[in-house]
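Biologist: Hi! I'm new to this one. Could you walk me through it?

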Amino acid sequence: AVAAPSLVDEILRLKKERNAVILAHNYQSREIQELADFVGDSLGLSYKAKETDADVIAFCGVHFMAETAKIVNPNKIVVLPDANAGCSLEQSCPAPQLEQFLKVNADKNYYVIAYINCSGGVKALSDCICTSGNAVKIVEAAPKDRPILFVPDQNLGSWVMEQTGRKMDLWKGACYVHVEFTRDSINGIKEEYPDAKVVAHPECTYAVRMLADEVCSTEKMVHYCRDNPAKSFIIVTESGMLHRLRREVPDKTFIEGPTGHCRCADCRYMKMNTLQKLHDCLKDLRPQVTMPEDVRKKAEKPILRMLELSK
Ligand code: 13P
Ligand code: SF4
């Protein structure tokens with residue numbers, strides 16, 4: 001008898017049939033990362049989404065990432081495994097609230113820089129988008145004669161202020177995963193592995209960033225760990241990153257940074273995606289990202305500005 005095709009085979013078959021590309025964020029499960037055409041950080045994924053000539057983009061990440069892919073590709077079909085894969089940062093800054101804030105503070109003439117972890121509505125209200133991989137560069141390129149409002153992540157915002165010396169007004173949002181790492185949890189693991197270097201994402205709090213040897217985006221973590229002479233690294237970000245690192249830097253040891261109450265940190269939104277849901281979205285072409293054309297057009301401008309500035 002002929003064996004039934006596996007789920008992975010079926011996904012690959014559908015991908016070909018649909019002329020689809022599978023993009024996956026570094027926080028996805030190992031199975032999804034292994035099957036994706038490209039795995040990367042928010043910045044790398046934005047470039048890939050912009051460049052692809054596929055007809056369908058299957059985006060394994062969270063909703064705002066798939067939405068960004070749609071904004072720069074209005075004529076392509078963008079599907080995601082689970083439409084409920086949100087982000088606490090996105091939720092912390094609803095577009096109507098930002099709009100109201102900008103109205104009340106119109107006299108300030110803010111230059112608004114939005115971290116890509118936000119809705120299309122917020123992007124549409126912004127002057128430039130940034131990711132953790134280019135935030136320093138984007139802030140340095142902002143007009144010097146206007147105050148900056150940085151939304152929605154206050155931790156990334158304060159890290160960029162430390163790096164650039166540029167003062168900014170910060171929206172008070174946070175990533176619910178990264179704020180769970182504490183000074184005590186990281187000091188504890190450092191004691192256990194005294195030779196390991198600590199690598200943390202800039203969405204972590206100041207107290208945690210202070211304990212890190214390197215603070216950077218998920219993509220830069222790969223380069224840092226590969227190029228650094230150290231043999232072991234404590235990774236202070238979402239757990240999916242460990243798969244990427246173990247796959248690409250197999251000769252080194254990666255230790256999960258513990259949070260205040262568990263051994264590793266999972267983003268419940270990132271982990272909503274499964275192989276079965278990826279299969280189904282390619283088969284049904286649903287759920288799809290859609291958005292009003294006027295919002296899309298307004299949101300596209302600051303994304304393109306970012307892509308241009310961080311080349
Ligand atoms: P990166 O752009 O560094 O991959 O970060 C995305 C994210 O969601 C961090 O929580
Ligand atoms: Fe959003 Fe945090 Fe999850 Fe990243 S890890 S998608 S910032 S909730």
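Biologist: Is helix 4 mostly covered or exposed?
Modeller: Helix 4, residues 63-71, is mostly covered, and nine of its nine residues are buried. Buried means 20 or more other C-beta atoms within 10 Å of the residue's own; 12 or fewer is exposed, in between is partly exposed, and C-beta atoms are placed from the backbone. Helices are DSSP runs of H or I with at least four residues, strands are E runs of at least two, and both are numbered from the N terminus.

Biologist: Which residues of helix 4 are buried?
Modeller: Among them are His 63, Phe 64, Glu 67 and Lys 70.

Biologist: Where do these numbers come from?
Modeller: This is a predicted model, where local features need pLDDT of at least 70 and side-chain atom pairs count only at pLDDT 80 or more, while totals for chains, interfaces and linings use all residues. Residues are numbered from 1 along each chain as its sequence is written, and chains are lettered from A and ligands numbered from 1 in the order in which they are written.

Biologist: Okay, ligands. Which residues are around ligand 1?
Modeller: They include Asn 26, Asp 41, Cys 175, His 201, Glu 203 and Thr 218, where near means a C-beta atom, placed from the backbone, within 6 Å. That shell has one nonpolar, nine polar and two charged residues. Here Ala, Val, Leu, Ile, Met, Phe, Trp, Tyr, Cys and Pro count as nonpolar, Asp, Glu, Lys and Arg as charged, and the others, Gly among them, as polar.

Biologist: And which come nearest to ligand 2?
Modeller: Cys 87, Ser 88, Cys 175, Val 177 and Cys 267, out of 13 residues around ligand 2. The shell of ligand 2 splits into nine nonpolar, two polar and two charged.

Biologist: Switching topic: where is Thr 205?
Modeller: Thr 205 sits in the loop between strand 9 (197-200) and helix 11 (206-209).

Biologist: Why is Thr 205 called partly exposed?
Modeller: Because Thr 205 has 19 other C-beta atoms within 10 Å.

Biologist: What does Thr 205 touch, beyond its neighbours in sequence?
Modeller: Leaving out residues within four places in sequence, Thr 205 is in contact with Asn 155 and Val 179; contact means C-beta atoms, placed from the backbone, within 7 Å. Leu 156 lies 49 residues from Thr 205 in sequence, with 8.6 Å between their C-alpha atoms.

Biologist: Last one: which residues of helix 12 meet helix 13?
Modeller: Thr 218, Met 221, Val 222 and Cys 225 of helix 12 meet Met 241, Arg 244, Leu 245 and Glu 248 of helix 13. By class, that contact has five nonpolar, one polar and two charged residues.

Note on methods:
Contact = placed C-beta atoms within 7 Å.
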